[in-house]
Amino acid sequence: GMRMLLVIIGIVAAIFIMMIPTQVTGRVELRKRLAQTLRDIGRMFGFISRQFLGADQQAYNDEQIKHIRKLVLDLQRQISDERTFLMMSRFEPPLRGKFPTASYGIVVEKVSTMVFLIYSMVNIASKKRDIQSLTPYV
């Protein structure tokens, strides 16, 4: 009787403890956000390359340029959040060895550079097409 009651209480307590979510560390969140940012960069690059490689190859319209700017702003916000998580990861205790803060800092800077380069590519392409439409013999 008593043993069965203690076993049932233990099982109920275990189920209750399992319902409490585990705390996510900044390092894990940094890795997830970096993966999401890289996926979004790939999506934006696909959108841009489809425009260049498509059969129609028309210039960007205002709606497409607004969409690209919105994507770039979202990516810049994500990178800002990643920098914040990188700074906060310095204060977390090392659980599985030393966290490579310098390496992740380099990765965040490279991702930021990739966003800037892709956006610059869009600006140059849209300006080049505008110039080509103005000059008849280029």
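Trainee: Which residues of H3 are buried, and which residues does glutamine 78 touch?

Mentor: Keep in mind that this is a predicted model. The protein has four helices and zero strands. Along the sequence the pattern reads α-α-α-α. H3 covers residues 62–88. Its length is 27 residues. From first C-alpha to last, H3 reaches 39 Å, close to the 39 Å expected at 1.5 Å a residue.

The buried residues are Ile68, Val72, Leu75, Gln78, Ile79, Glu82, Phe85 and Leu86. Consider the spacing in that list. An α-helix has 3.6 residues a turn, so residues three or four places apart point the same way.

Take glutamine 78, which sits in H3. Its relative accessible area is 15%. The cut-off for buried is under 20%, so glutamine 78 counts as buried. Leaving aside residues up to four places away in sequence, glutamine 78 touches Gln36, Thr37 and Asp40.

Follow one of those partners, aspartate 40. Aspartate 40 is buried too, with a relative accessible area of 14%. The side chain of aspartate 40 meets that of arginine 43 in a salt bridge, 3.1 Å from N to O. Both residues lie in helix H2, three residues apart, so about one helical turn separates them. Arginine 43 is exposed, at 52% relative accessible area.

Aspartate 74 and arginine 77 form a salt bridge, with the closest N and O atoms 3.0 Å apart. They are three residues apart in H3, so again about one helical turn lies between them. Aspartate 74 is partly exposed, at 27%. Arginine 77 is exposed, at 51%.

Next, the bridge that leaves H3. Aspartate 81 forms a salt bridge with arginine 33, and the closest N and O atoms are 3.1 Å apart. Arginine 33 belongs to helix H2 and aspartate 81 to helix H3, so the pair ties together parts that are 48 residues apart in sequence. Both ends are partly exposed: arginine 33 has a relative accessible area of 24%, and aspartate 81 has 34%. The pair is part of something wider. Glu29, Arg33 and Asp81 are linked in a network of salt bridges. In the protein the count of salt bridges comes to six. Side chains of opposite charge can pair when their charged atoms come close.

Turn to the nonpolar side. In soluble globular proteins, nonpolar side chains tend to be buried together. Here the largest nonpolar core has 19 residues. Leu30 and Ile48 have the most contacts inside this core. H2, H3 and H4 each supply at least two of its residues. H2 spans 26–53, and H4 spans 101–134.

What about H1? H1 has 18 residues and reaches 26 Å from its first C-alpha to its last, close to the 26 Å expected at 1.5 Å a residue. The number of buried residues in H1 is zero, so this helix lies largely in the open. A nonpolar surface patch of about 730 Å² is made by Val7, Ile11, Ile15, Phe16, Ile17, Met19 and Ile20. Of these, isoleucine 20 lies in the loop between H1 (2–19) and H2.

Past the end of H3, look at phenylalanine 91. This residue is found in the loop between H3 and H4. Phenylalanine 91 is exposed, with a relative accessible area of 74%. Glycine 26 is 65 residues away from phenylalanine 91 in sequence, yet their C-alpha atoms are 9.5 Å apart in space.

Finally, step back to the whole chain. Buried residues make up 24% of the 138 residues. The accessible surface comes to about 10600 Å², and 64% of this surface belongs to carbon and sulfur atoms. Among contacts with a separation of 6 or more, 81% join residues 24 or more positions apart. The bridge between arginine 33 and aspartate 81 spans 48 residues in sequence.

How values were computed. Residues numbered from 1 in each chain as written. Predicted model: local features only at pLDDT ≥ 70, side-chain atom pairs only at ≥ 80, totals over all residues. Heavy atoms only, no water. Patch = residues over 30% accessible without salt bridge, like charges linked within 9 Å, V, L, I, M, F, W, Y side chains within 5 Å. Areas by Shrake-Rupley, 256 points an atom, 1.4 Å probe, with all protein chains shown as cover. Salt bridge = Lys/Arg side-chain N within 4 Å of Asp/Glu carboxyl O. Core = buried A, V, L, I, M, F, W, Y, C linked by side-chain atoms within 4.5 Å. Buried < 20%, exposed > 50% of the residue type's maximum accessible area, 1.4 Å probe, protein only. Expected span 1.5 Å × (residues − 1). Contact = heavy atoms within 4.5 Å.
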